[in-house]
Amino acid sequence: KEYYTDKIMSNPVWTMAGIFADKGITGTSVKKREDFMRMIRHCRQRKIDVVLTKSVSRFARNTVDCVSTCRMLKNLNPPVGVLFEADGLHTLASNSELQLNLLSTLAQSESETKSLAVKWGIRKRFARGIPRIVDLYGYLREGRDLAEDPVTSHVVRMIYGWVLMRYSISEIRDLLHIYHIPSPQGKEFWSHATILYILSNERYAGNVTMQKTFVQDLFSHKSVKNRGQLPKYEIIDYHPKL
């Protein structure tokens with residue numbers, strides 16, 4: 001930010017149109033990059049004439065997103081160019097699209113390689129019996145250790161007890177409201193999905209099943225259920241059962 005601010009401010013024919021940076025957001029999809037999308041809107045509104053960025057990999061790591069976005073900006077009236085400094089590429093120059101295709105493909109390949117390495121590391125930890133433990137209602141978490149929460153664990157037991165008494169989930173939801181028990185999110189009413197999650201989660205029996213879901217597509221980042229596509233790993237009696 002400091003580099004580009006100084007660069008733009010030191011050029012008398014340029015005016016700063018803004019800094020657009022999505023901190024900690026993946027470049028494999030533009031949909032969740034709020035600042036990137038805001039920059040595109042400003043380009044459409046003729047508030048930006050040229051976009052300065054370090055490299056293609058900083059702009060987008062999805063070949064389709066990168067090329068289509070630059071093409072769309074180039075076709076605006078007046079056209080908006082993107083200057084990739086480290087790559088020595090300006091999208092308004094002739095024959096720039098072929099070079100852009102090549103560089104964006106390399107950036108996408110780099111992301112795919114990193115993604116495979118991360119997945120490999122996670123699955124190796126699972127195979128060694130090292131689970132990923134997240135916060136869980138009814139428990140207190142410290143690192144990968146879960147201990148019974150004296151404040152909320154009795155609520156979990158009540159829910160299971162009502163199920164044994166043949167209460168429906170809707171009836172359990174009403175009982176929780178009658179007893180003024182807030183949901184795990186602190187809301188007045190419990191959702192059907194939250195109660196079903198508690199009743200179907202093996203962790204309340206003290207067990208851990210790893211890789212129940214996985215991210216199938218690097219670019220959509222959508223998590224899908226593991227229905228046998230990948231191995232699952234299970235640890236029995238990992239933590240106290242409720």
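The model is predicted, so local features need pLDDT of at least 70 and side-chain atom pairs count only at pLDDT 80 or more, while totals for chains, interfaces and linings use all residues. Residues are numbered from 1 along each chain as its sequence is written, and side-chain values use heavy atoms, with hydrogens and water left out.

Within α7 (residues 169–178), select Ile 169, Ile 172, Leu 175 and Leu 176, which are buried, that is, under 20% relative accessible area, with over 50% called exposed and the range in between partly exposed (1.4 Å probe, protein chains only). These four lie on the same side of α7, because they cover an arc of only 115 degrees around the axis, taken from the directions from the helix axis to the C-beta atoms. Helices here are DSSP runs (H or I, at least four residues), as are strands (E, at least two), numbered from the N terminus. Just after α7, look at His 180, which takes a positive phi of about 55 degrees.

Rings of Phe, Tyr and Trp (its six-membered ring) pair if their centres lie within 6.5 Å, and planes under 30 degrees apart count as stacked, over 60 as edge-to-face and the rest as tilted. Tyr 160 is partly exposed at 28% relative accessible area, whereas Tyr 204 is buried at 5%. For another aromatic group, select Phe 36, Phe 59 and Phe 84, which form one cluster.

Now move to Ser 96, which is in helix α5 (residues 96–127) and is buried, with a relative accessible area of 6%. A polar atom of the Ser 96 side chain lies 3.0 Å from the backbone oxygen of Thr 91.

Finish with the cysteines. How many disulfides does a search of the whole structure find? The search finds 0, a disulfide being a pair of cysteine sulfur atoms within 2.5 Å. The sulfur of Cys 66 is 4.6 Å from the closest cysteine sulfur, in Cys 70, which is too far for a bond.

Key. A polar contact is a pair of N or O atoms within 3.5 Å; within protein, one must be able to donate a hydrogen and the other to accept it, and residues adjacent in sequence count only if both atoms are side-chain atoms.
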